[in-house]
Amino acid sequence: MERTPMRNCRHGFLAAILSLAAFTGQAAPRHVYLTWQGDTSRTITINYQTFEAAETSTVFFDTKPRNGRVSEYRQKAQGSAHQIPELPDARNIHWVELTNLTPGGTYYFIAGDAQHGFTAERKFRTLPAGSQNLRFVIGGDMNIGPDVPTLLQQSAKLSPAFGVVGGDIAYANDNLTNYAKWDAWLDHWQTNMVTPAGFTIPMVLAIGNHEVRGGTATSPTNGQFYLRYFAQNGERTYYSRTFGKNLAMFLLDSGHLSPHGGEQAAWLDAELAALKSVPTKFAVYHVPLYTTVRPFDNGGSVLGRQAWLPIFDRHHLTAAFEHHEHAFKRTQLLRENKPDPQGTLYLGDGCWGQGARKVDPQLRWYQVKAASIQHFWRVDVGPKRVEYRAVNKAGHIFDVYPANAAGAEAAEKIYSSLTQPKPPETPKPAGTKP
Ligand SMILES: [Fe+2]
Ligand SMILES: [Fe+2]
C-alpha cells in the first residue's frame, strides 16, 4: 500500500517524459542491437525497443547504404513486438529476424516504423560460412561502471565478428525497477561496439546470477529482462551456435534458470556429439568449474564439475570460458580433473567492467596464471589453430596462448609487471574432488 503513491508519481513522471519525447520527435527506437536465433551466416535478428506501441516491427535493409531513405531499401522484413508485464515504462521490444542472407555479406539497415520514426542506418556483417579465420571477443561481469565504455572500445578496435558476454551483464537482478541499468548497458554496447570500419558487433549472451531475481531460481519469470530483451533461444537458457566451419560454441546456464544436470547435461552431451566434426569446441558459462577467487569447493563450482566435466572430457572440449570471479586466470590443460596435455583449457574469470577482486598469494594447482586485472579475451580461430590473447583496459595484451603465438614474449613482460601469485608449492593435492 505504501508503494502506490510513489508508483503513481513515477508513472506520472514517466508519462511526462514520454509525451515530451513524442512532442520533440524522439519517439524513434531507443535501442538497437543484434543477436542470433540460429544460423550465424544466413540470419541475424535486429532487436529494438520503442516506448510507444507500434503497428509493425519492420526492418528495411540492403547490401548498399541508403542513408536512411526508407523507400530506397530493396528489402524489408517484418517481425513482432512484445512487452515485459509490469515493466513500469511498458516499452515494446521488437524482434525482426532477417533470413536468407549471404554468408560473409555486408548489410545496411534501419528499424522502426513510419509513424514513430526509424533508427539511424547501421551496418553489420554475417559470418562467413567456410573455413575463414575468425576473431571474436569474450568476457563477462560488466555492469555499467566507468570502465565499461573503455573496455568495449578496446574490444571493438580489434574488429571482432561478434562479442560474447558470459553472464552478469547489467547487474539488474531482474528487478523490473532496474530498467535504467539495462538502458545504460545497451547504450554502452550500441555506442561502443562498432568496429573501426563501422560494423555493429552482434552479441551472444550466456546467463549469470545477476540476470536472475533471487540469484538462483528455475522459473523463466525470474529472468525476464534476459529472456525478453534478447532474441536468442526462446526461454531455454542453454544453446549452441556454430560460426563458420571451425567453431562450435555451447552457451550454458550454470544453475540460474536451469540446473547444471538433468536435461541440460543430457542436451550438452548429445549436442557435443552432433557437432563432433567441428574442430574447435568452446563452452561459455558463468560460474567457473575452476575458481580463481572463491574456494574450489564453492557450491556452484562443485555442481558444474559433477555435471559437466565428464562431458567436456568425453568430447574433448577445446576450451571453456568461465566468469563470475572478477579476476583473470588461465589454467593448465585439464582432463579428469588433473593436468593432461590432451585436456581442456579453462580461461576467465569475468572482469569486463567490474572491479578486479584480489587473487590468492599463491597459484592454485590448476592455474598457470592468475591476476587481479580487468580484461577481455580476444580469440582467433583458424582451421588448425586457436590463439587466445588477454587484453587489458589500455588495450595491451598481457597473456598469449599458446606460447609460440605472436606477441607472447611482449605479453609476458606486461604480465610479469603485474602483482601476481607465487607458483604453487605442491601439484594437485591427492584426493581433490572433481
Ligand atoms: Fe556472478
Ligand atoms: Fe559478477
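Donors here are N, O and S atoms within 2.8 Å of the metal (3.2 Å for Na, K and Ca), and water is not among the atoms, so sites may look incomplete. This is a predicted model, in which local features need pLDDT of at least 70, side-chain atom pairs count only at pLDDT 80 or more, and totals for chains, interfaces and linings use all residues. Residues are numbered from 1 along each chain as its sequence is written, chains are lettered from A and ligands numbered from 1 in the order in which they are written, and side-chain values use heavy atoms, with hydrogens and water left out.

Asp168, in the loop between β11 (163-166) and α3 (179-192), and His326, in the loop between β16 and β17, link distant parts of the chain, 158 residues apart. Both Asp168 and His326 are buried, a word that stands for under 20% relative accessible area, with exposed meaning over 50% and partly exposed in between (1.4 Å probe, protein chains only).

Which residue bridges the iron ion (ligand 1) and the iron ion (ligand 2)? Asp168 does, and the two ions lie 3.3 Å apart. The iron ion (ligand 1) is coordinated at 2.1 Å by Asp168 (OD), Asn209 (OD1), His286 (NE2) and His324 (ND1). The arrangement is irregular because the four donor atoms subtend angles of 86 to 159 degrees.

His286 sits in the loop between β15 (280-284) and α6 (299-314), and His324 in the loop between β16 (319-321) and β17 (328-331), so this pair ties together parts that are 38 residues apart in sequence. His286 counts as buried, at 0% relative accessibility, and so does His324, at 9%.

## Strands

Helices (H or I, at least four residues) and strands (E, at least two) are DSSP runs numbered from the N terminus, and two strands pair if DSSP finds at least two bridges between them. Strand β2 (residues 44-50) is largely enclosed by the rest of the structure, because seven of its seven residues are buried. Ile44, Ile46, Tyr48 and Thr50 point one way from β2, while Thr45, Asn47 and Gln49 point the other way.

β2 pairs in the antiparallel sense with strand β1 (residues 31-35) over five bridges, where His31 stands opposite Gln49. With strand β6 (residues 92-98), β2 pairs antiparallel over seven bridges, and there Tyr48 stands opposite His94. Elsewhere, six strands form an open sheet with mixed pairing, in the order β12-β11-β10-β22-β23-β24. Its edge strands, β12 (203-206) and β24 (397-401), each pair on one side only.

## Charges over rings

Finally, look for Arg125 over the face of Phe199, 3.8 Å from the ring centre.

Methods. Tetrahedral: all angles 85-135°; square planar, octahedral: opposite > 155°, others 65-115°. Lys NZ or Arg CZ within 6 Å of the ring centre and 35° of its normal.
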